[in-house]
Amino acid sequence: MNYLIKLIILTLGALITNISISETLAIDAQERGINSTCASYLGQIEESYSLNGLNITFAHLSDPSLLPSLHISTKNYNNGSSTFSATLSPDGDYCYLSTVIVTSVNNQNCAEITSLKKEENPSLNDTTYADGAFTILTPPDNKYQLILTTSGENGCMMTETRMLWPGK
């Protein structure tokens, strides 16, 4: 029995240590051999969104620099959580990116968030569907879409989607 307790403690310690020293998405991408342009873009995005949660990278085992990769970072907050996902598709010296950020907020409803977002950027177009259950916010240049989904009386799920073609 004493051996089992020691084994559990050692296993938990190893897992906690592994999580606490997990590297950034960009460093992990470089170590896995992802295309250097894609890894550079990932680093810029990571810094821009202040991603510093639990990170996971999926890359092709034999051709990681030639084939698309998936990068995920998730983080908890005192009033919700968020999950960031980026798909990087290398094309020679270029890299195409698609990103999705899903944020769950437990203490604000979607109408309040819509109002705050429109105060921040009055040029946002807003469209509501299904009797207010969904709201889509889009800037005039269509760079991204923010989909707000009602989650109970005082909760909202925000999904920001974006596609980038840097350099082309």
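Trainee: How many bridges join E1 to strand E2, and how do the two run?
Mentor: Five bridges join them, and the strands run antiparallel. Strand E2 covers residues 69-77. Keep in mind that this is a predicted model.

Trainee: Which residue in E2 is the bridge partner of Asn-55?
Mentor: Ser-73 is the partner of Asn-55.

Trainee: And which residues of E1 are on the covered face, and which on the uncovered one?
Mentor: Asn-55 and Thr-57 make up the covered face. Leu-54, Ile-56 and Phe-58 are on the uncovered face.

Trainee: Where is Phe-58, then?
Mentor: Phe-58 is in strand E1, which spans residues 54-58.

Trainee: New topic, the loops. What is the phi of Ser-50?
Mentor: Near 55°, which is a positive value in a residue other than glycine. Ser-50 sits in the loop between helix H3 (36-48) and E1.

Trainee: What about the phi of Asp-131?
Mentor: Asp-131 has a positive phi of about 55°, and it is not a glycine either.

Trainee: Which loop is Asp-131 in?
Mentor: The loop between strand E5 (125-129) and strand E6 (134-138).

Trainee: Is Asp-131 buried or exposed there?
Mentor: Asp-131 is exposed, because its relative accessible area is 87%, and exposed means over 50%.

Technical notes. Residues numbered from 1 in each chain as written. Predicted model: local features only at pLDDT ≥ 70, side-chain atom pairs only at ≥ 80, totals over all residues. Heavy atoms only, no water. Helix = DSSP H or I, 4+ residues; strand = E, 2+ residues; numbered from the N terminus. Buried < 20%, exposed > 50% of the residue type's maximum accessible area, 1.4 Å probe, protein only. Pairing = 2+ DSSP bridges.
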